[in-house]
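Visitor: Hi, I'm new to this one, could you show it to me and walk me through it?

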Amino acid sequence: MKISKALKFLALLPLCAPASATPRHSPWPGGVAIVPIQSDTRPAVMVNNNPVLVIRENDRWVAIVGIPLDHESEAPIVATLIRAGGESEQVRIDLQAADYPVQRFNVESKYVAPDQESLDRIAAERIVIDQALTRWRVNDVKEVMLKSPVPGARSSSFGSRRIFNDQPRSPHKGMDIAAASGTPILAPLSGVVSATGDYYFNGNTVILDHGQGYISLFCHLSVIDVVEGQDITVGDLLGKVGATGRVTGAHLHFATYLNGTAVDPALFFETN
Ligand SMILES: [Zn+2]
């Protein structure tokens, strides 16, 4: 009798479960789609030939699919689920339109019309950065929600169409967090440092691999306090806020990537 009462009590526990383990379903360009999957064993999920992050949530598996910012909202995303034994299934994810604002900035002309030497440098850095954003460990990921890397107001400027010195440039693929130069930047989640560097546009940069294609990027640092290959625990010091690279002032540019595409970091904070 006592056992059955205890079981009843346990069955009620999910009602008072803590904050969610996954972002909310946000099916638009730059968002994330949450796809629950019933499967006894871990399924594999692919989108555009990229493996997708799959985590265990309560009694089910959940795929967290990053939706490219430049994906037309009229066209669905098609994910392929592959269960143990090779049986596969296509899942269609319908998207909603996203309406991102326009932002204008004035920066030094070298950031809008770089000379040939700088263009060569930018091209070489692009390869290094792209590699760090598209290669990852295939470890078991237990957590995806983030702690704020610095205190301060988190802008909602992800996705905004950017115009520098009256010239259109690629959209903003992260969030900017206002903070004074020298403010410590703390790891928002455990991971491994997959790259560090001083890049033309991004300035001093740290890239963290959280596993299964979940990657975070920290730019414009004044100081980098980690090295490539270093194991990082949530809360570890990564570096300090600065104003290196293409900036109009000190701030942290913070970006998150899933299955090789930038997604809105705000979706991974409990209080967005
Ligand atoms: Zn930024």
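Guide: We can look at the metal site and then at the domains.

Guide: This is a predicted model, in which local features need pLDDT of at least 70 and side-chain atom pairs count only at pLDDT 80 or more, while totals for chains, interfaces and linings use all residues. Residues are numbered from 1 along each chain as its sequence is written, and side-chain values use heavy atoms, with hydrogens and water left out.

Visitor: Okay, which residues are the protein donors of the zinc ion?

Guide: They are His 172 (NE2), Asp 176 (OD) and His 253 (ND1), lying 2.0 to 2.2 Å from the zinc ion; donors are N, O and S atoms within 2.8 Å of the metal (3.2 Å for Na, K and Ca), and as water is not among the atoms, sites may look incomplete.

Visitor: And are His 172 and His 253 buried or exposed?

Guide: Both His 172 and His 253 are buried, with buried meaning under 20% relative accessible area (1.4 Å probe, protein chains only).

Visitor: Switching topic, what are the domains?

Guide: The domain assignment, which is automatic or from a database, gives domain 1 (18-93) and domain 2 (102-268), and their C-alpha centres lie 24 Å apart.

Visitor: How many residues of each are in contact?

Guide: In domain 1 there are 22 residues in contact with 21 residues of domain 2, where contact means heavy atoms within 4.5 Å.

Visitor: How many salt bridges are there between domain 1 and domain 2?

Guide: The count between domain 1 and domain 2 is one, a salt bridge being a side-chain nitrogen of Lys or Arg within 4 Å of a carboxyl oxygen of Asp or Glu.

Note on methods. Buried < 20%, exposed > 50% of the residue type's maximum accessible area, 1.4 Å probe, protein only.
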